[in-house]
Structure formats: C-alpha cells, structure tokens
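Please walk me through this protein chain, step by step, for someone who has not looked at it before.

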Amino acid sequence: MSNRQMKRAELIRRNQNIVIRRLNRDEYRLTIRELTGIDFDISGFPLDPLAEGFDNNGSALSMSPMQMELYVDAARKILDRAIVSGDQPKSIRYRFQPEVGNGDDSRVRYGEYNAIVHGGQNPVEGDFKVLHHVSWDRVCNARDFALPEEGVYKIRIRAGGKVPSREDVVRTARAALEHRFEEQMRDNPNGEKYHREAVTQTMAHFKTDRIYNYGPPRLKLIHDINGQPIVISEFDVDAPREQPGVYEFQARFNANKTSISIEYAYSIPSVLENFWFQSHDSFARPVAYLDWFEIKGPINEAWPPKSHQKILGDLDLSKEPDSAQVRKVVALFLRRAFRRPVTDEEIQAKLQQYNDAKKSGKSVREAIQIPLVAILCSPKFPDGTAIVGVSGLQNAILKKEALFLNCLSKKMLTYALGREMGLVDTDLIEQASRYVQKHDYRLSTLVEFIVCSDAFQNR
Ligand SMILES: [Ca+2]
C-alpha cells in the first residue's frame with residue numbers, strides 16, 4: 001500500500017467509529033447522587049464493556065437508541081423522586097405473623113390487599129415458626145400485596161436462635177445412624193460387618209468435622225421488585241431463643257405488587273454420601289425461631305426531601321413561578337451537570353422546553369422536569385454536538401451521514417464476510433457507502449452491493 005493510501009486509511013479509521021462519551025455505571029450513580037442527592041439503583045443498566053482493561057474508555061462506552069431510552073427513563077424516575085409535590089405520604093406498618101398458616105390460602109388483610117402470609121412447612125412453637133434447614137417448601141413469606149407509596153421502607157424481623165453443641169450433633173447423628181443400622185440388619189443380616197463399619201466411619205465424621213462447630217443460625221431476607229427477587233440481607237440471628245432480637249433493614253419498594261421472604265440460610269455442606277438425616281428436624285443444627293416480620297414506611301428524613309430543595313431552591317411548585325426563578329433553577333442545574341460555565345443560548349434552549357410544556361397544559365412540576373431530564377440525558381459527540389433523547393440521537397446520526405454510512409457498511413461487510421475489516425478493506429467500505437448513497441439510501445442496496453462484490457463471492 002502506498003503512503004498516501006495508508007494515510008487516508010488511517011484517517012478513515014480514526015473517523016469511523018462514532019463515539020458518544022457517556023458515563024460508566026458508577027460514574028453515573030455518583031454524578032446523579034452529587035447532582036440530585038438521589039441514590040439511584042443502576043443495576044438495570046447494561047454492564048460496561050471493558051476496553052483495554054479500563055471501563056471508562058470512551059470508545060467502549062457507545063450509546064445505542066435503546067440505551068438512550070434507558071437513560072431518559074432513568075432520568076425521569078430520578079427527578080420524580082427528587083422533586084415532589086403535595087403532603088408527605090402517610091406511613092403504614094404491616095406486621096406479618098408467619099405462624100398464621102402454611103399455605104397460599106392463608107390470607108390476612110393489609111390495606112387494600114388480602115395478602116398471603118405463611119410460614120412454610122416449618123413447625124410452630126408458641127409464637128414462633130421454627131426454621132431448621134433450607135428447603136423450597138420451608139420459606140416464610142408475605143406476598144400478593146402492594147405498598148401504597150413508592151419509597152424506602154424499614155423491615156424489622158423478630159427472631160432468636162439456638163446453637164447446638166457438638167454433643168448434640170453426635171447424639172442426634174448416632175440416633176439416626178442406629179435407626180438405619182436396625183433397618184439394614186432387617187433387610188440384610190449377612191452384611192452386619194459392613195453396616196457396623198459404616199456407622200463407625202460416619203460417626204467419626206460427626207465427632208471431628210469442624211463444620212459442626214456451629215455458629216448462630218442465619219436467615220436470608222428477600223423482597224421482589226417487579227417479579228425480580230432481590231436479597232436485602234443475609235444475617236446471623238445471634239440473639240438467643242429466650243430473648244429474641246429485632247433485626248432491622250431498609251429497602252426501596254415501588255407501588256407494584258411485592259413480596260417479602262425469609263429463608264433459613266445456614267448452609268452445611270453435604271460432605272457425606274448419606275447426609276439424608278442432616279435435614280431432618282431431629283438432627284442438631286442451628287435453629288432460627290421467627291416470631292414476626294414487619295414493614296414500615298415510607299421513610300422520609302425530611303419533607304420535601306433534601307433533593308427537592310437542592311434542585312429547586314425556594315421555588316414553590318404550588319404557584320406559577322416567574323421566569324427569573326425558573327431560569328435560575330435551570331441555569332444552576334445545567335452548570336452543575338455540565339461542570340462548566342454555560343452559555344445564555346444553552347439556558348434559553350432549556351427554558352424554551354419548560355415554556356412549551358407549560359403551554360401544552362403541564363403542571364409546574366411536570367414542566368420543570370422536562371428540561372432537567374433533557375440535561376441529564378445529554379451526552380455529547382466529541383465535536384460538541386449535544387444529543388437530547390432518542391430523536392436527538394437520530395438527528396445527530398443523520399447530520400453525520402457519511403460517518404454513519406461508513407460505519408454501517410463496515411458492520412454489514414464484517415457480518416457478510418465473517419471476518420474483521422482491516423486496512424485493505426478501506427476501498428470496499430467506501431464503495432459500499434457510495435453505492436448506497438447513489439441509490440437513495442435504501443438498505444437493500446447495501447445488501448445487493450455486498451452480495452455482488454468479489455469479496456463476498458470469493459470468500
Ligand atoms: Ca409470631
């Protein structure tokens with residue numbers, strides 16, 4: 001290849017990938033927290049790809065229209081939480097008693113719902129459900145109910161535990177093994193020697209293995225958000241059964257149907273082939289006694305929340321603000337989001353969005369959110385073209401038609417030829433782009449070009 005060609009190829013290569021610099025997940029979360037005071041759950045965002053070992057490398061953090069949609073949606077949710085109107089929502093407290101039943105027909109009224117409350121196939125002792133081992137049918141839960149408000153809720157669990165000693169382990173293991181020995185002797189008296197050996201060997205395990213130096217029982221607390229189970233905590237129940245403790249946690253709930261589950265979580269590895277009796281209630285293992293669990297909230301440290309004041313200052317949403325007040329809010333948010341001085345033009349463009357929204361009949365709260373959402377979703381091309389929303393991304397791509405065509409041709413060729421495009425393919429990519437351009441930008445002409453190309457026919 002000539003020097004001139006090389007140079008041209010390099011220039012094209014550098015230009016080929018449209019990169020929108022976006023924040024990675026952690027950067028996004030931290031930025032949002034700093035900007036609005038809201039701790040936003042970023043687990044719904046796509047994982048950041050690793051590029052050369054760094055996940056904040058701009059060329060890896062590309063942005064698709066689908067991701068843009070995700071960002072717009074996130075920004076709306078964040079601002080819905082940050083900016084509130086009306087009075088502080090009333091707090092509720094639902095206390096669930098797992099011993100009330102052990103089936104899905106066990107229903108108790110909470111608010112507007114007949115929630116299912118049950119303690120699984122666990123024994124009941126007085127006020128307690130007794131949790132002894134992990135099993136799908138031994139989960140305690142409350143479900144088929146919804147909370148009246150989205151927000152942070154406190155979950156409290158009253159429980160105590162019992163930790164068996166090594167003697168308990170040895171005694172209960174021996175009882176189970178002797179019982180089995182008798183059965184084996186009935187079935188096969190000639191095998192006595194082997195049956196006895198098995199007992200001795202197995203007993204040695206229970207006498208010496210460190211896994212039976214038990215700690216306190218553990219419980220796992222899970223809630224579900226839109227059908228997705230999320231573990232809130234796994235915790236030791238270190239309070240004794242005689243003096244149960246109240247364990248407290250916090251979690252965010254939305255106003256959709258939800259559930260709270262409590263599971264036994266002290267795992268004992270099955271190192272033995274004949275571990276069958278270790279999950280019998282008679283075998284000594286850490287036991288949790290669950291009295292009740294309750295949910296209380298939503299918890300708001302202040303009303304309106306700090307985030308509200310942080311963004312709006314003293315702007316009162318209940319009356320029509322004057323334009324200087326709105327301008328102040330928008331300008332401050334812009335400056336803080338972009339971390340640089342902002343131009344009058346930029347502020348004006350955002351004010352226009354507010355004014356348009358007001359004209360179309362939106363409330364002050366709804367209208368002020370529109371420019372703020374746009375600000376939270378405006379990544380930029382390296383040349384500074386700002387992009388707002390999905391249509392903004394489309395417009396931005398249209399303005400960079402040559403780059404876009406080039407990029408698309410390259411991707412299609414890569415797919416069609418089943419290999420990476422290299423410097424030698426520069427001309428082919430360019431020809432493809434030109435062909436599509438000449439034929440009214442129809443995607444089908446790109447396919448046509450590729451299928452007829454020598455590269456494809458001789459691949
Ligand atoms: Ca109880």
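**A walk through the predicted model**

Y28 counts as partly exposed because 18 C-beta neighbours lie inside 10 Å. The model is a predicted one. Y28 belongs to helix α2, which covers residues 25-36. Its contacts, leaving aside neighbours within four places in sequence, are with L23 and I42. Between Y28 and F40 there are 12 residues in sequence and 9.1 Å in space, taken C-alpha to C-alpha.

The protein chain has 459 residues, and 24% of them count as buried. Its secondary structure comes to 14 helices and 12 strands. When contacts between residues at least 6 apart in sequence are considered, 68% join residues at least 24 apart.

The interior comes next. In soluble globular proteins, nonpolar side chains tend to be buried together. Here the largest nonpolar core has 33 residues, and I155, A288 and L290 are those with the most contacts inside it. Strand β12, residues 287-297, gives the most to this core, with 7 residues. Another core lies apart from it and has 28 residues, including V329, F333, L372 and C377. As for A288, the residues it touches, not counting those up to four places away in sequence, are L131, A159, G161, P217, L219, V237 and Y264.

With 18 other C-beta atoms within 10 Å, R241 is partly exposed. Leaving aside neighbours within four places in sequence, R241 is in contact with G160, G161, K162 and Y289. R241 and V287 are 46 residues apart in sequence, yet their C-alpha atoms are 9.1 Å apart in space.

The bond joining W303 and P304 is a cis peptide bond, with omega about -5 degrees.

Helix packing is the next topic. Two packed helices are described by the angle between their axes and the distance between the axes. Helix α4 (residues 166-187) packs against helix α5 (residues 192-208) at an angle of about 165 degrees, and their axes are 10 Å apart. Angles over 145 degrees count as roughly antiparallel, and α4 and α5 are therefore roughly antiparallel to each other. Their crossing is right-handed. On the α4 side the contact is made by V169, V170, A173, R174, L177, F181, Q184 and M185, and on the α5 side by E192, H195, V199, T202, M203, F206 and K207.

A second pair is formed by helix α3 (residues 65-82) and helix α9 (residues 364-376), whose axes come within 9 Å and cross at roughly 130 degrees. α3 and α9 are therefore oblique to each other. The crossing of α3 and α9 is right-handed. V72, A75, R76, I78 and L79 of α3 make the contact with Q369, L372, V373 and L376 of α9. L372 was named above among the residues of the 28-residue core.

How many residues does helix α8 have, and how far does it reach? Helix α8 runs over residues 344-359, has 16 residues and reaches 22 Å from its first C-alpha to its last, close to the 22 Å expected at 1.5 Å a residue. Just after α8, G361 takes a positive phi of about 95 degrees.

Positive phi values are also found in residues other than glycine. R339, which is not a glycine, has a positive phi of about 55 degrees. R339 is in the loop between α7 (323-338) and α8, and it counts as exposed because 9 C-beta neighbours lie inside 10 Å. Y441 has a phi near 60 degrees, again a positive value in a residue other than glycine. Y441 has its place in the loop between α12 (426-438) and α13 (443-452). Y441 is exposed, with 11 other C-beta atoms within 10 Å.

How values were computed. Residues are numbered from 1 along each chain as its sequence is written. This is a predicted model: local features need pLDDT of at least 70, side-chain atom pairs count only at pLDDT 80 or more; totals for chains, interfaces and linings use all residues. Helices (H or I, at least four residues) and strands (E, at least two) are DSSP runs, numbered from the N terminus. The expected span of a helix is 1.5 Å times one less than its number of residues. A nonpolar core is a set of buried Ala, Val, Leu, Ile, Met, Phe, Trp, Tyr and Cys residues joined through C-beta atoms within 7 Å. A residue is buried if 20 or more other C-beta atoms lie within 10 Å of its own, exposed if 12 or fewer, and partly exposed in between; C-beta atoms are placed from the backbone. Two residues are in contact if their C-beta atoms, placed from the backbone, lie within 7 Å. Axes are lines fitted to C-alpha atoms, for helices over the stretch in contact, and angles run from 0 to 180 degrees between N-to-C directions. Angles under 35 degrees count as roughly parallel, over 145 as roughly antiparallel, 65 to 115 as roughly perpendicular and the rest as oblique. A crossing is left-handed if the near helix is turned anticlockwise from the far one by less than a right angle, and right-handed if clockwise.
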